[in-house]
Amino acid sequence: MKPRRKLFRKIFGWIPAGVVCLAIFFLIFGYLASQMGTANMLNTIMKTAHDLLLNTVFYLMAICVITGAIGKIFVEFGVVNMLEKLLRPLMKPLFNLPGVASLGAVLTFLSDNPAIISLAQDKRFATYFKKYQFISLTNFGTAFGMGLLVIVFMVGQEYYAEPFIGLFGAFVGCIVSTRLMQRFVIKAYPQFKTEDAAVADDKVADDDTHFKKPMFQRILDSLLDGGRTGVDVGLAIIPGVLIISTLVMLFTFGPSAGGEYSGTAYEGVQLLPWVGGKLGFLFEWLFGFTDPHLIAFPITALGAVGAALGLVPNFASAGWIDGNAIAVFTAIGMCWSGYLSTHTAMLDAIGFRRLTSKAILAHTVGGLVAGVVAHWVYVLFSLI
C-alpha cells in the first residue's frame, strides 16, 4: 500500500461510513436550502423531476421505442451484417481489433453499451481476440453506445449536420480510448498480448429456424421485439434523468426572472456556471463553449447520457445552445455515454473488474478528445 494511502486511512479510517454519508448529504442540501429556502428547494426538486418525467423522459422513451424497432429490423434483415462487412477493414488499422469487432460497434450504436458484453460472452466471437484486445472491447463498445438515440434526439432539436460532426468526434475519441486501454492492459499484464481470449468450441452451431417464418411475421416480430427493448431502455433511463438531471439543474440554473426563489421548476443556485466562469478560458479553447452553463452536459454524461440529453431542451429555451455545442454534446454524449455507471459492471461481466480504473482513465481521455475534435471540425465546417 502506498504511504500516502496509509496515512489517509490512519487519519480518517476511524470515521464510520454512515457519518461521511450524512456529512455529504447535509453539505449539499444544506447549501441548497440556505440559498433557496428549504420549502422552495423541496418544491423545485419535485416540480423539476415531474416536468422532466412528462416532457423529457417520455420523449426519450418514444425515441427509444422507434430506434429499437429500427435496430431490430436491421438485425433481422441483414443490414447489421452488411454494415459489419463494410466496417471490418477499418478495425485493425484504426482500433487494433479484429474485423468482427465492427459488429459490436453497430450493435451498441443501435442499442446501448452492454450490447458489446452480450456479444463478447459468445464464445465464437471471443475466439477472434487476444486478451488485451478483448478487454478493450469495454471502451470500444461504450464509445458508440446509444449513438442512434443521441443523433436522432439532436436532429429532433432541428440540427442536422452538427450531430454527424459529433459522430466523427466520437469515432476519433473511440480510437484514442481503445488504443490507450490496450496499452494500459499490456503494460500491466504483458502476457495478455499473446494469450487468446477464448478457445473455439466446435459444438456450437447457429440456429436459423427463425428464418423459416413468413416475411410478414418476421417484420412484425422484429418491430414489436425491438420496440419492447426500447421501452426497457426508456424505463432504464428514468432514474438517471430524474435524479442526476434534477441535481445538475439545481446547480446550473438561477432564481426566477424576478431574482427571487419561488419553488418553481428549474430554479437553482448557479454553482456550475460559476465554476465554468472561472475555467471559461479552458472550456472555450477546448470545446468552444460560449456559455459557462454548458459544462453541465459533459458532467452529466459521465453518469448517464439520457440524463444529459434531458438538459438540452432547457438549455435551448434559455438561448445557450448553438451548432458547436450540439456537435460537442453529440461527441461527448456518444463517447462517454454514462461510462462511469457501466464500466464496472461491463468489466465484471467479462471477468476483468480489476482493470476498471484503467478503463475509466482511458475513456475519460477519449471523451475529451472527442469533444475537442468535434469543436475544431465544426469550426472548419462553419468556414466552408
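This is a predicted model: local features need pLDDT of at least 70, side-chain atom pairs count only at pLDDT 80 or more; totals for chains, interfaces and linings use all residues.
Visitor: What makes a set of grid points a pocket?

Guide: On a 1 Å grid over the protein atoms alone, a pocket is an open set of points with protein on both sides within 12 Å along at least five of seven lines, whereas a cavity is a set where a 1.4 Å probe fits but cannot get out; lining residues have an atom within 4 Å of a point. The second largest pocket has a volume of about 340 Å³. Of its 14 lining residues, Leu87, Val106, Phe109, Phe144 and Leu167 are the closest to its centre. Two or more lining residues come from each of α4 (79-95), α5 (101-110) and α11 (162-188), and α4 gives the most, with 5 residues. Helices here are DSSP runs (H or I, at least four residues; strands are E, at least two), numbered from the N terminus.

Visitor: Why is Glu267 called buried?

Guide: Its relative accessibility is 2%. Buried means under 20% relative accessible area, exposed over 50%, and partly exposed in between (1.4 Å probe, protein chains only), so Glu267 counts as buried. Glu267 sits in the loop between α13 (238-250) and α14 (271-278). Glu267 and Asn40 are 227 residues apart in sequence, yet 9.1 Å apart in space, C-alpha to C-alpha.

Visitor: What makes Asp196 and Lys130 a salt bridge?

Guide: Their side chains meet at 2.9 Å, N to O. A salt bridge is a side-chain nitrogen of Lys or Arg within 4 Å of a carboxyl oxygen of Asp or Glu, so this pair qualifies. The pair links distant parts of the chain, 66 residues apart: Asp196 is in the loop between α11 and α12, and Lys130 in the loop between α7 (123-126) and α8 (131-135).

Visitor: How many salt bridges does this rule give, and which residues form the others?

Guide: The count comes to 3. Lys131 and Glu195 meet at 3.1 Å, N to O; Lys131 is in helix α8 and Glu195 in the loop between α11 and α12, 64 residues apart. Asp225 bridges to Arg228, with the closest N and O atoms 2.9 Å apart. Asp225 and Arg228 both lie in helix α12, 3 residues apart, about one turn of the helix.

Visitor: Which residues make the nonpolar surface patch?

Guide: Phe77, Met215, Ile219 and Leu223 make a patch of about 330 Å². Patches are made of residues with over 30% relative accessible area and no salt bridge: like charges are joined within 9 Å, nonpolar side chains (Val, Leu, Ile, Met, Phe, Trp, Tyr) within 5 Å. Leu223, in helix α12 (residues 215-236), has 39%, so Leu223 passes the accessibility cut-off.

How values were computed:
Residues are numbered from 1 along each chain as its sequence is written. Side-chain values use heavy atoms; hydrogens and water are left out. Grid points are joined across faces, edges and corners, and a volume is the space filled by probe spheres set on the points. Accessible areas come from the Shrake-Rupley method with a 1.4 Å probe; for residues, only the protein chains shown count as cover.
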